[in-house]
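Subject: Structure handover

Hi there,

Here is the structure I promised to pass on to you. Could you open it alongside this message while you read?

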Amino acid sequence: MALQLGDTAPDFTQESTAGTINFHEWAGDSWVILFSHPKDFTPVCTTELGEVSRLKPEFDKRNTKAIGLSVDPLEDHEAWAGDIQETQGQGLNFPLLADGDRKVSDLYGMIHPNANDTLTVRSVFIIDPNKKVRLTITYPASTGRNFAEVLRVLDSLQLTDEHKLATPVNWQDGDDCIIVPAVSNEEAKTLFPEGWDEQKPYLRLVKQPKRS
């Protein structure tokens, strides 16, 4: 069965370009972006791995580690890393799991049971420091992933874990937020003393508070 939001992300031990990864130990108290690829030397995935490497400073600011996966052996990963450096102008700076035995792919439900190949291995997971799955997205082979959206969701999750808020449609860091319905107006006066814009009793917009 595919993982659902709120499930504990399965632990595993697997080889990678950064050595043996014991996943929960490696993750520590960080957030994790785990994203997967159906095979090495694929054009769309090559661009994605370069982009995630470029985004490492943004992930670092958010206490987040990136880890990739491809259903090919380690020696192919090492050759592919050279192509990524050459074509994307950015070398790999995070682990790429060598999931040739599909152990991790199967644990995370990345391969459809009726698939005759691994093209369904195009998944993204956000996993929080408690090892809970907080986001899942599966992309088609023809469409490159939007890592700006992954960062946006990560910002939302970290903000709303800290404050009793939700984020509205197309929210970006710094935009107004929504006070969750479970918070009464009396409690909201304490939490948000500068006030809010009550458009409906269930739709109260408030300036985004500072993040810790």
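Below is what turned up in it.

First, some ground rules: this is a predicted model, so local features need pLDDT of at least 70 and side-chain atom pairs count only at pLDDT 80 or more, while totals for chains, interfaces and linings use all residues. Residues are numbered from 1 along each chain as its sequence is written, and side-chain values use heavy atoms, with hydrogens and water left out.

**Domains.** The assignment, which comes from an automatic or database source, gives domain 1 (7-145) and domain 2 (163-207). Taken over C-alpha atoms, their centres are 35 Å apart.

Cys45 lies in helix α2 (residues 43-54), where helices are DSSP runs of H or I with at least four residues, strands are runs of E with at least two, and both are numbered from the N terminus. Its relative accessible area is 2%, which makes it buried (under 20%; exposed is over 50%, partly exposed in between, with a 1.4 Å probe and protein chains only). Leaving aside neighbours within four places in sequence, Cys45 is in contact (heavy atoms within 4.5 Å) with His37, Pro38, Trp80, Arg122 and Arg145.

**Cores.** A nonpolar core here is a set of buried Ala, Val, Leu, Ile, Met, Phe, Trp, Tyr and Cys residues joined through side-chain atoms within 4.5 Å. The largest has 23 residues, and those touching the most other members are Ile33, Phe35, Leu49, Val52, Phe59, Val124 and Ile126. Two or more residues each come from β3 (31-37), α2, α4 (74-88), β6 (123-127) and α6 (147-162), with α6 giving the most, six residues. A second, separate core of 21 residues includes Leu97, Val104, Phe125 and Ile127.

**Salt bridges.** The whole structure has 14 of them, counted when a side-chain nitrogen of Lys or Arg is within 4 Å of a carboxyl oxygen of Asp or Glu. In helix α3 (residues 56-61), Lys56 and Asp60 sit four residues apart, about one turn, and their closest N and O atoms are 3.1 Å apart. Lys61 and Glu58 also pair up, at 3.3 Å from N to O. Both belong to a network that links Glu58, Lys61, Arg62, Asp155, Asp173 and Arg211. Elsewhere, Asp128 and Arg134 meet at 3.0 Å; Asp128 is buried at 6%, whereas Arg134 is partly exposed at 23%.

Happy viewing!
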